[in-house]
Amino acid sequence: MYLARVIGRLVATRRYAGLEGVPLQILQPLDEYGADMGDTLVATAVVSTGPGDLVHFVDGREGALACPVTFVPVDAAIIGYVEQCYANGKFIGRELEAKR
Amino acid sequence: MFLAQVVGTVVSPVQIPILERQTLLLLRPVGPDGKASGKTRIGIDRAQAGVGDRVLVIDEGNSGRQILGDPKGAVKTIVVGIVDYVEAHGKLAYDAQRRE
């Protein structure tokens, strides 16, 4: 399970049976300083999130288990919306609010 | 299983049902000497750990489901122990009693 920022959405009309109605979103994983960690990836959004949101996601077989139909070809799923993440004496993901 | 340093806390009000009422911690995997290794993760706390603790972490789905008692749960990373001391290459590499 990793911390990530939703950076975009993705539309794929033709998809594998069982994945209908599951939103796909593009994630950028973050480290404990809120900095980008590794490559971006696409995940199914099991909970309602949108671009700009801080989320946590699970990868591997568990990504499919989080989906409404569990026997689907999915290897990453957003399983929670993160309201607050505090590490190393500061809140992660508040850069945008600080600029305002 | 691997060693990790608890570096922060995560608050998530909207998440999949199995994660409700579970504490989420931000974990930085470390080697026996305390050097960071690998990607920062979010783990479910099942050992009453806190920020600053060196912990033992499982990052495998079936073990996670067994601990939470749900054969279909989409969980992976779980904190299962608090480390007292680590001995590596014949030397004491970490001691919880003597940490700064």
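Mentor: Start with confidence. pLDDT is the predictor's confidence in each residue, from 0 to 100. You need that term here, as this is a predicted model.

Trainee: Okay. Where in chain B is confidence lowest, and where is it highest?

Mentor: Strand β8 of chain B, residues 91-95, is lowest, at a mean of 92. Strand β4 of chain B, residues 41-45, is highest, at 97.

Trainee: And what does chain B average?

Mentor: Chain B averages a pLDDT of 94. In that chain, 99% of the residues score at least 70.

Trainee: What about the complex? What ipTM and pTM does the predictor give?

Mentor: The ipTM is 0.90 and the pTM is 0.91.

Trainee: Let's move to chain A. How many helices and strands does it have?

Mentor: Two helices and seven strands. Along the sequence, the pattern reads β-β-β-β-α-β-β-β-α.

Trainee: What's its radius of gyration, and what would a compact globule have?

Mentor: Chain A has 14 Å. A compact globule with 100 residues would be near 13 Å, so chain A agrees with that. The C-alpha atoms fill a box of roughly 45 × 25 × 20 Å along the principal axes.

Trainee: How much of chain A is buried?

Mentor: Buried residues make up 39% of its 100 residues. Look at the contacts too. Take those in chain A between residues at least 6 apart in sequence: 51% of them join residues at least 24 apart.

Trainee: Now the core. Which residues touch the most other members of the largest nonpolar core?

Mentor: Phe57(A), Ala77(A) and Ile79(A) do, in a core of 47 residues. Strand β5 of chain A, residues 76-81, gives the largest share of this core, with five residues.

Trainee: Stay on Phe57(A). What does it touch?

Mentor: Leave out residues up to four places away in sequence. Then Phe57(A) touches Tyr2(A), Ala4(A), Leu27(A) and Ala43(A), along with Ala76(A), Ala77(A), Ile78(A) and Ile79(A).

Trainee: Next, the contact between the chains. How many residues come from each?

Mentor: Chain A puts in 28 residues and chain B puts in 25 residues. On the side of chain A, the elements giving two or more residues are β1 (2-10), β4 (54-59), α1 (62-65), β5 and β6 (84-87).

Trainee: What classes of residue are on that side of chain A?

Mentor: There are 16 nonpolar, seven polar and five charged residues.

Trainee: Which strand of chain B pairs with β6(A)?

Mentor: Strand β1 of chain B, residues 2-11. The two pair in the antiparallel sense over four bridges.

Trainee: Back inside chain B, then. What does strand β7 pair with?

Mentor: Strand β7 of chain B, residues 85-88, pairs with β8(B) in the antiparallel sense over four bridges. Glu87(B) stands opposite Leu92(B) in β8(B). The hairpin of β7(B) and β8(B) has two residues between the strands, and His89(B) takes a positive phi near 55° there.

Trainee: Why point out a positive phi?

Mentor: Most residues other than glycine have a negative phi. Arg21(B) is another one to look at, with phi near 65°. Gln48(B) also has a positive phi, near 55°.

Trainee: Where do Arg21(B) and Gln48(B) sit?

Mentor: Arg21(B) is in the loop between β2 (14-15) and β3 of chain B. Gln48(B) is in the loop between β4 and β5 (54-59) of chain B.

Trainee: Is Arg21(B) buried or exposed?

Mentor: Arg21(B) counts as exposed because it has 6 C-beta neighbours inside 10 Å, and 12 or fewer is the cut-off for exposed. Gln48(B) is exposed as well, with 9 other C-beta atoms within 10 Å.

Trainee: And Thr23(B), where is that?

Mentor: Thr23(B) is in strand β3 of chain B, residues 23-30. It is partly exposed, with 17 other C-beta atoms within 10 Å.

Trainee: Last one, Lys35(B). Where is it?

Mentor: Lys35(B) is in the loop between β3 and β4 of chain B. It is exposed, with 8 other C-beta atoms within 10 Å. Lys35(B) and Ala4(B) are 31 residues apart along the chain, and their C-alpha atoms are separated by 9.8 Å. For Thr23(B) and Ala4(B), 19 residues apart, the C-alpha separation is 16 Å.

Key
Residues are numbered from 1 along each chain as its sequence is written. Chains are lettered from A and ligands numbered from 1 in the order in which they are written. This is a predicted model: local features need pLDDT of at least 70, side-chain atom pairs count only at pLDDT 80 or more; totals for chains, interfaces and linings use all residues. A residue is buried if 20 or more other C-beta atoms lie within 10 Å of its own, exposed if 12 or fewer, and partly exposed in between; C-beta atoms are placed from the backbone. A nonpolar core is a set of buried Ala, Val, Leu, Ile, Met, Phe, Trp, Tyr and Cys residues joined through C-beta atoms within 7 Å. Two residues are in contact if their C-beta atoms, placed from the backbone, lie within 7 Å. Ala, Val, Leu, Ile, Met, Phe, Trp, Tyr, Cys and Pro count as nonpolar, Asp, Glu, Lys and Arg as charged, and the others, Gly among them, as polar. Two strands pair if DSSP finds at least two bridges between them. The radius of gyration is taken over C-alpha atoms; the globule rule is 2.2 Å times the number of residues to the power 0.38.
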